[in-house]
There are 2 protein chains.
Amino acid sequence: MPSSSAQQIVPVILSGGTGTRLWPLSREAYPKQFWPLGSERTMLQETAARARGAGFAPPLVVCGEAHRFLVAEQLREAGFADAQIVLEPAARNSAAAIAAAAALVGEGTPDAVLWIMAADATITNVKGLLAALEAATAAARQGRICTFGIRPTRPETGYGYIESGAPLGVAAAGHDAFEIARFLEKPDLATAEAFLAGGHHLWNSGMFVATAGTLLTELERYAPEVLAAARAGVAEGTRDLGFVRLGASFIRAPSISIDHAVMERTTLAAVVPCNPGWSDVGSWASLWEIGAKDAEGNVTLGPVATLGARNCFVRSEGILTAVVGLEDVVLVVTDDAVLACPRSRAQDVKLMVDQLKAAGRKEATEHRKVYRPWGSYEGVAQGSRFQVKRITVRPGAKLSLQKHYHRAEHWVVVAGTAMVERDKERILLRENESVYLPLGCVHRLENPGMIPLTLIEVQSGPYLGEDDIVRLEDTYGRA
Amino acid sequence: MPSSSAQQIVPVILSGGTGTRLWPLSREAYPKQFWPLGSERTMLQETAARARGAGFAPPLVVCGEAHRFLVAEQLREAGFADAQIVLEPAARNSAAAIAAAAALVGEGTPDAVLWIMAADATITNVKGLLAALEAATAAARQGRICTFGIRPTRPETGYGYIESGAPLGVAAAGHDAFEIARFLEKPDLATAEAFLAGGHHLWNSGMFVATAGTLLTELERYAPEVLAAARAGVAEGTRDLGFVRLGASFIRAPSISIDHAVMERTTLAAVVPCNPGWSDVGSWASLWEIGAKDAEGNVTLGPVATLGARNCFVRSEGILTAVVGLEDVVLVVTDDAVLACPRSRAQDVKLMVDQLKAAGRKEATEHRKVYRPWGSYEGVAQGSRFQVKRITVRPGAKLSLQKHYHRAEHWVVVAGTAMVERDKERILLRENESVYLPLGCVHRLENPGMIPLTLIEVQSGPYLGEDDIVRLEDTYGRA
C-alpha cells in the first residue's frame with residue numbers, strides 16, 4: 001500500500017459503471033468514465049484531479065479486470081502514477097467495492113478518512129466541493145458516514161433525494177453537516193417541485209466521506225456477508241504488475257448498493273448540503289442540460305451543422321452531421337454507430353443497447369478502437385480475405401511474441417520507430433519502411449523509441465479473427 | 001451515330017441532375033441517378049433497361065463531362081455498351097439537352113421518334129409505361145409532342161399538374177392521347193384534393209415522346225437561341241474515347257426547361273394519361289412514400305435497429321444506426337456524413353447542402369469513394385504525414401504513368417494481380433505481395449488480370465494532396 005498518514009484523506013474512486021445510457025459513446029469495453037464528457041480530460045481523470053494536493057493520499061481506484069490498463073494509463077497521463085488500482089474479478093455493486101477499499105486502507109490506518117466518489121459524475125465548482133469536504137471530513141472524524149447532498153436547481157424526477165434533519169454543528173468552510181431525516185426514491189413531478197420549493201431536500205450524489213474504521217464497523221453490522229466476501233477477496237489478493245487483484249471470494253458478495261446496504265439503515269449517516277455544480281451525466285439528456293447552448297438551444301460537439309433545429313443535443317466523433325428542423329432530439333454519431341432519439345426518451349437508450357446485444361451486434365459493447373496494455377488498434381478497412389488495421393504502440397511498449405496460422409501480415413511504419421523480431425531476425429524499421437510477416441512466422445513488435453509508433457497492418461488470409469493468435473511470451477501476463 | 005431506323009424509338013436519357021435533396025447519398029460528384037434507390041440496379045440502369053428490345057435503338061444519354069466514365073461504366077454493366085454518351089461542357093437545363101439530342105438524331109433520321117426520360121425517376125410498372133408509350137408514339141408520328149401524365153394517387157402539392165383536354169383518338173394498347181388544356185404550377189392542398197377528385201388533372205412526369213423533326217421545328221419556333229447553341233455545340237462536337245463531346249458554343253444556350261421553353265407554348269402538346277407507378281424520387285420523403293414499410297410504418301435500409309420509432313425513413317450505408325422513439329423523421333447515414341430531419345422538411349435538405357457548401361465542407365459535393373476511369377479509390381485512414389487508401393482497378397485498366405514530389409507509397413495487393421512499372425522495372429505482384437515506390441520514382445499500376453485488383457496504398461510524406469501527381473502518360477487523355 002502507498003503510505004498515507006491518518007491525516008491524509010484517501011480518495012476512493014469507484015470506476016465499475018458501464019454507462020449504457022450514453023451508448024454509442026460509452027460501451028462496456030470502454031465506458032463513459034474513460035471519455036472526456038465535461039472537459040478535455042476524461043471523467044476518471046477529473047475525478048482523481050479533484051483530490052490532488054498535500055491533504056490527499058494517492059487515489060485508490062476500484063475497477064473491473066477488463067479496464068485495468070485503461071485506468072492505469074489514464075491515471076498515469078493525469079499524473080497519478082502512484083495510484084492504487086484494485087481489480088474486482090466481477091462487479092458486485094458499490095457496497096462490496098467500498099468494503100474492499102475500506103478493508104485495504106483499514107489494515108494499516110483505520111482512522112484514515114476515505115472520500116468515496118463515482119468516476120462518472122461531473123462537478124463544475126470543485127472549490128465549492130472541497131469546502132463541503134471540510135465539513136464532511138469533520139463529521140467523519142466524529143464517526144459519521146457523511147454524504148454530499150446537492151441543492152436541487154430544478155424539479156428533477158430522475159434522482160433519489162435526501163431529506164435533511166438537525167444540524168450537527170461541525171461548521172467548517174461555510175458548510176455544516178446535518179442528520180439525515182430520510183432517503184426518498186425518485187419522486188413524481190409534483191413532489192419534486194415541492195422538494196425544490198421546501199429547501200430541505202437534496203439530491204443524493206453518491207459521494208461519501210467516512211473513516212475506514214467506521215465503514216468497516218457499519219458494514220459488519222448491516223451487511224456482514226458483503227464485508228466477509230470483500231475481506232476474503234482482499235486476503236486472497238495478489239499484487240500483479242502494480243495492480244491489487246482481489247481474490248475469487250469477492251464474487252460471493254451480494255450485489256447491493258451502499259445506500260441500501262448501509263446508508264439507509266445506519267444511525268451514523270449525515271449529509272452536507274452543497275451546490276458544486278454536480279451532474280451524474282446519466283444520459284444524453286443530462287449532457288444537454290449541462291452543455292453550452294447556441295441561440296436555438298442546441299448543444300453541439302464535433303463537426304455538426306444545424307438549420308432550424310432547436311433544443312437538440314448533437315455530438316459527432318468525426319463524421320459530418322447535419323440536422324435540419326428537428327426539436328428536442330438527441331443525435332450521437334461515432335465511427336461505427338449512430339443513435340437518434342427524443343431527448344425525453346434518453347433513458348430508453350439502455351433498452352436499445354439490450355436489443356442490440358440480444359441481436360449479437362458487437363457495437364453494443366465494443367468500439368472499433370480496441371485498447372491493449374501496449375497501446376491500441378483499430379480496423380480501418382476490410383474485404384474478402386483482407387483487413388487493414390492502424391496500430392499504435394506506446395514508447396517502450398512491446399506486443400506479445402506470437403504467430404498466426406491463417407494470415408500473413410505486412411507492416412508499414414508511418415510514424416515513430418519499430419523493432420521487429422521475425423523468427424531469428426531483429427529488424428529496425430523507420431518511418432516509411434515496411435516488413436512482411438509470412439504465415440506461421442514467430443514475430444514480435446516493439447517501440448524502442450521515445451514517441452508513439454504508428455503502423456499500418458495489412459492482413460491477408462482466409463480467416464482473420466482476433467483469436468488466430470498464439471502467444472508464446474507476453475510482458476503483460478497474457479501468454 | 002449508331003444506326004437507328006425511323007421505326008426504332010430512340011431512348012434519350014437526361015442524366016444532368018444533381019439530386020441535392022437526396023444528400024448525403026446523392027452529391028454533385030455522384031448524384032442520385034447513379035445510385036440504386038428503387039431496386040438493385042441504379043436509376044440510370046433502370047431507365048435504360050425500360051427501353052430495351054427490338055423496337056428501340058441504343059440509348060442516347062446526355063450528361064455532364066464529370067460523369068462520363070460513371071455513365072459509361074454503368075451502361076456497360078447493364079448491357080448497353082453501344083449507348084451514345086453526349087457530354088455537355090456545362091449543364092444548361094432540359095431544353096438545351098433535348099435540343100442537342102434532337103439535332104444529333106435529326107441529322108440522319110428526322111422521322112425517328114425520341115423517348116425522352118429523366119435518369120432519376122422510378123417506375124414500378126414498366127409494362128404499363130410501355131403500353132402508354134404506344135399511344136404516345138402514335139401521337140408523335142402524327143406530329144405531336146406527347147408527355148406522360150401520371151394519374152394522381154394522393155393530393156400531392158410537390159408536383160406540377162397537367163389538365164387534359166379533348167381526346168386525339170390515337171387509341172393504342174388501351175391508352176389514348178389527349179390535348180393539353182393547360183399546365184398548372186404546384187397547387188395548394190385544397191386544389192390538389194380537388195384535382196385528385198376531378199379526374200382531369202395529371203402529374204407532369206417530365207417524360208416526352210416526339211420525332212426529332214417535330215422537336216427541332218418547335219424549338220426553332222419557341223426557343224431559337226437554345227436550338228442555335230445546341231446545334232453549334234453539335235457541329236463543333238468531337239468524338240473522344242467513344243463519347244460525343246459537345247463544343248463550347250453549347251454553353252451559350254439559355255438555361256430553361258423544355259416545359260417553359262416549348263411544352264407550355266406549342267400547339268402540338270399532347271398527354272397520355274397513365275398509372276405506371278412513377279415517382280420522381282425527389283426527396284427522402286418520396287422514398288419513404290414508395291418504400292416497403294414495417295408494422296410501425298418505418299422504411300429501413302441497411303443495418304438499422306428501431307425501438308418505438310414510427311413512420312421514419314432510416315437508411316444506413318454501413319454504420320449501425322439505432323433509432324429510439326422518433327416519429328416522422330428521416331435519418332440517412334453514410335460513411336462520412338449523417339443527415340437528420342423531419343420528413344415534412346425533406347425539401348430543405350437542399351438548403352442544408354447550400355449551407356455546407358458555403359462552409360467549404362467537401363462532403364457537400366464529394367464522396368469519400370472517388371470514381372476514376374480505371375476504377376475507384378477511397379481514403380480509409382489518415383494521420384499526420386500519412387494516409388491509407390483502398391484502390392480498386394478494373395480488369396484490363398491502367399492508371400496514368402506518374403510521379404509524386406512529396407510522397408512515397410507502399411502498395412500491398414490484397415486481391416487480384418497487379419503489374420507495376422517502377423522506373424525501368426516491371427514487377428508482377430500477386431495477392432499478399434507488396435512494392436515500395438520511393439519519392440520521385442516514375443510508376444504505373446495496371447490490372448492485367450480477369451478479376452478486379454484491390455490494393456492498399458500507404459502514402460507517407462509531408463504533403464499528401466491529390467494534386468501532387470505529375471501525369472506523364474494516360475490512357476484516358478488526362479496527361
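User: To start with a detail, which residue is the bridge partner of B:Tyr371 in β21(B)?
Analyst: The partner of B:Tyr371 is B:Ser376. Please note that this is a predicted model. The pair belongs to a set of 4 bridges that join β20(B) to strand β21 (residues 375–383) of chain B, and the two strands run antiparallel.

User: And what is the strand order of the open sheet in chain B?
Analyst: The order is β20-β21-β22-β29-β24-β27, which makes an open sheet of 6 strands with antiparallel pairing. Its edge strands in chain B are β20 (369–372) and β27 (434–437), each of which pairs on one side only. From one strand to the next, the twist averages 20°.

User: What does the open sheet of chain A look like?
Analyst: In chain A an open sheet of 6 strands is ordered β20-β21-β22-β29-β24-β27, and the pairing is antiparallel. The edges are formed by β20 (369–372) and β27 (434–437) of chain A. Direction ignored, neighbouring strands of this sheet are turned by 20° against each other on average.

User: How many bridges join β22 to β29 in chain A?
Analyst: There are 8 bridges between strand β22 (residues 386–393) and strand β29 (residues 453–460) of chain A, and these strands run antiparallel. As one example, A:Arg390 stands opposite A:Ile456 in β29(A).

User: Changing topic: how many residues does each chain bring to the contact?
Analyst: Chain A gives 49 residues and chain B gives 49 residues. On the side of chain A that touches chain B, the largest share comes from strand β19 (residues 337–342) of chain A, with 6 residues. By class, that side of chain A divides into 31 nonpolar, 10 polar and 8 charged residues.

User: Which strand of chain B is joined to β19(A), and do they run parallel or antiparallel?
Analyst: Strand β17 (residues 320–324) of chain B is joined to β19(A) by 4 bridges, and the two run parallel. Within this pairing, A:Ala337 has B:Leu320 in β17(B) as its bridge partner.

User: Why do you say the copies meet through the same surface?
Analyst: Because 100% of the interface residues of chain A are also interface residues in chain B.

User: How is chain A divided into domains?
Analyst: The domain assignment gives domain 1 (9–279), domain 2 (284–358) and domain 3 (369–473) of chain A. Taken over C-alpha atoms, the centres of domain 2 and domain 3 of chain A are separated by 36 Å.

User: One last topic, helices. At what angle do the axes of α6 and α7 of chain B cross?
Analyst: The axes of helix α6 (residues 212–222) and helix α7 (residues 224–235) of chain B cross at roughly 125° and come within 6 Å. That angle makes α6(B) oblique to α7(B).

User: Which residues meet there?
Analyst: From α6(B), B:Leu216, B:Leu219 and B:Glu220 meet B:Pro224, B:Val226 and B:Leu227 in α7(B). Sorted by class, the contact of α6(B) with α7(B) has 5 nonpolar, no polar and 1 charged residues.

Definitions and conventions. Residues numbered from 1 in each chain as written. Chains lettered and ligands numbered in written order. Predicted model: local features only at pLDDT ≥ 70, side-chain atom pairs only at ≥ 80, totals over all residues. Contact = placed C-beta atoms within 7 Å. Nonpolar A, V, L, I, M, F, W, Y, C, P; charged D, E, K, R; others polar. Pairing = 2+ DSSP bridges. Axes fitted to C-alpha atoms, helices over the stretch in contact; angles between N-to-C directions. Domains from an automatic or database assignment. Parallel < 35°, antiparallel > 145°, perpendicular 65-115°, else oblique.
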